[in-house]
Amino acid sequence: MEQERILVVDDDEGLLHLLRMRLSALGFSVTPCTGGRDALTAARQETFDIAITDLRLRAEDGLALTEELMQIQPGLPVIILTAHGSIPNAVEAMQRGAFGYLTKPFDDKELKATLDKALIQLRMTREIQRLKSLVKELYGLENVIARSPAMQRLFQQVAQIADSDATVLLTGETGTGKEVLARVLHANSRRSKGPFVALNCAAISETLFESELFGHIRGAFTNAVAAKRGLFQSANGGTLFLDEIAEMSLPMQVKLLRAVQEREVREVGADYATKVDVRIITATNKDLTESVKAGTFRHDLYYRVSVVPLAIPPLRERKDDIPLLAQHFLKQSAKRSNKDVRGFTPAAMHRLMVYPWPGNVRELENAVEKAVVMSRQDMVLPELLPTAGVASDIGLKPLTEAKEEFERSYLRNVLQMTGGNISRAAQFAGRYRADFYKMLKKYGLHPSMLKERADLDLTDLEEATEEVKDV
């Protein structure tokens, strides 16, 4: 295991040597400095786990040195060495961010205890930073901030409620990113340093559900050879995310209701309840109001879990986000696959934009990853992307087909309106007689077929005529 590195600053060379020996004996790697300038140089060249400095240096201010060290390495625990008469100054140093102080003379036991506390804080700080970096990578601007108006409105709501303890119900189709949004809420809340515990309610059998959610005591049932904490207890101080909540059975809904309402749980086999401090976020791809009407979801639980409902729109309703998400997923996939794939050809991006994405963001991510893996060029080609049912699934026809269908219908209507009179029909359509004949021939229409006047409103026909002129 790599040794923790300690920077020690003291202009008393005897004390500096003694500290170096003591710290080395405790297993630390020590960098000694007799002055503040040398210490600052060392801090710029090497990352330290702890710094120890005398508050009173001959030519320099130990308090100013402490502040400069923390500016160079934010989060660095700095321990102040001080005499009894300088304790107020040491307290001031702590108010400015120093970790703590040791009053000279001190013994090895006191030194080790202070260092252990400093290391615990350092490890916690680094873990928080690591988690924040991970959250930023997974749920940062490039992933969760979208251009579409629908998602902008959603994230405005998220920003308003993230730091509250309000219970949130996330609704949306499968693959829209409900768990991602739950993690965003957690990461931007005052509970972000606490745990985020997720449970897919559909993946746990009813016989195990109560034990998983609330825990059990030893001997509560066969094979309960040891006590087990439930997910409510595991999420204490943080967020509990219950996905697919509509899949819970009615008996379990009753038990969950009490936990949500009272914020207390009773372990299986226990005769007492335990208070828990958790924020609850639930999610479902079903319409819970319909489930309540159908009698498969309790109305009282519905009111408890839907304090703040947030609906995540499907990807087909926020197509502006597709290029941003696709490029993000491509970058991730290229890195994992160690491939030099930079982007999508225009035709490939067009295919991404017109595809309906029934599986939403999750399907898009999988499609991009497959395309990157299969790609033999630095740009993804359209044939590597899904095409099935592109036009029919979204209810649109190709432009040429739609235009021809409209023109055929228009010509039929205008001929019926004019009783098959070509001159009047051409004049009404704003076309030369010869051009009008060509159009009739193109669509296989003949005036003799259209002698009967249709019951067509003249105003509607005039509006349609303007559309033809614009085409």
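In what order do the 5 strands of the open sheet lie? The legends below take up this point and several local views of the model, which is predicted.

**View 1. Strand order in the open sheet of the predicted model.** The 5 strands run in the order β2-β1-β3-β4-β5, and their pairing is parallel. The edges are formed by β2 (29-33) and β5 (100-103), each of which pairs on one side only. From one strand to the next, the twist averages 20°.

**View 2. Pairing of strands β1 and β3.** Strand β1, residues 5-9, is joined to strand β3, residues 50-54, over 4 bridges in the parallel sense. V8 has I52 of β3 as its bridge partner.

**View 3. Helices α1 and α3 against the sheet.** Helix α1 spans residues 13-25 and lies across β1, β2, β3 and β4 (78-82). The angle at which α1 runs to β2 is about 170°. Helix α3 also packs on the sheet, where it touches β1, β3 and β4. The direction of α3 makes about 165° with that of β3.

**View 4. Packing of helix α2 with helix α3.** The axes of α2 (residues 36-45) and α3 (residues 62-72) come within 10 Å and cross at roughly 10°. Because angles under 35 degrees count as roughly parallel, α2 is described as roughly parallel to α3. On the α2 side, the contact is made by G36, A39, L40, A43 and R44. On the α3 side, the residues are L65, E68, L69 and I72. By class, the residues of this contact divide into 6 nonpolar, 1 polar and 2 charged.

View 5. With neighbours within four places in sequence left aside, the contacts of T53 are V9, L65, T66, V78, I79, I80 and L81. One of these, L65, also belongs to the α3 side of the contact with α2.

**View 6. P251 in helix α11.** P251 is located in α11, which covers residues 250-262. Its relative accessible area is 47%, so P251 is partly exposed. How many residues apart along the chain are P251 and E206? They are 45 residues apart, and 9.1 Å separates their C-alpha atoms.

How values were computed: Residues numbered from 1 in each chain as written. Predicted model: local features only at pLDDT ≥ 70, side-chain atom pairs only at ≥ 80, totals over all residues. Heavy atoms only, no water. Axes fitted to C-alpha atoms, helices over the stretch in contact; angles between N-to-C directions. Helix = DSSP H or I, 4+ residues; strand = E, 2+ residues; numbered from the N terminus. Parallel < 35°, antiparallel > 145°, perpendicular 65-115°, else oblique. Contact = heavy atoms within 4.5 Å. Nonpolar A, V, L, I, M, F, W, Y, C, P; charged D, E, K, R; others polar. Pairing = 2+ DSSP bridges. Buried < 20%, exposed > 50% of the residue type's maximum accessible area, 1.4 Å probe, protein only.
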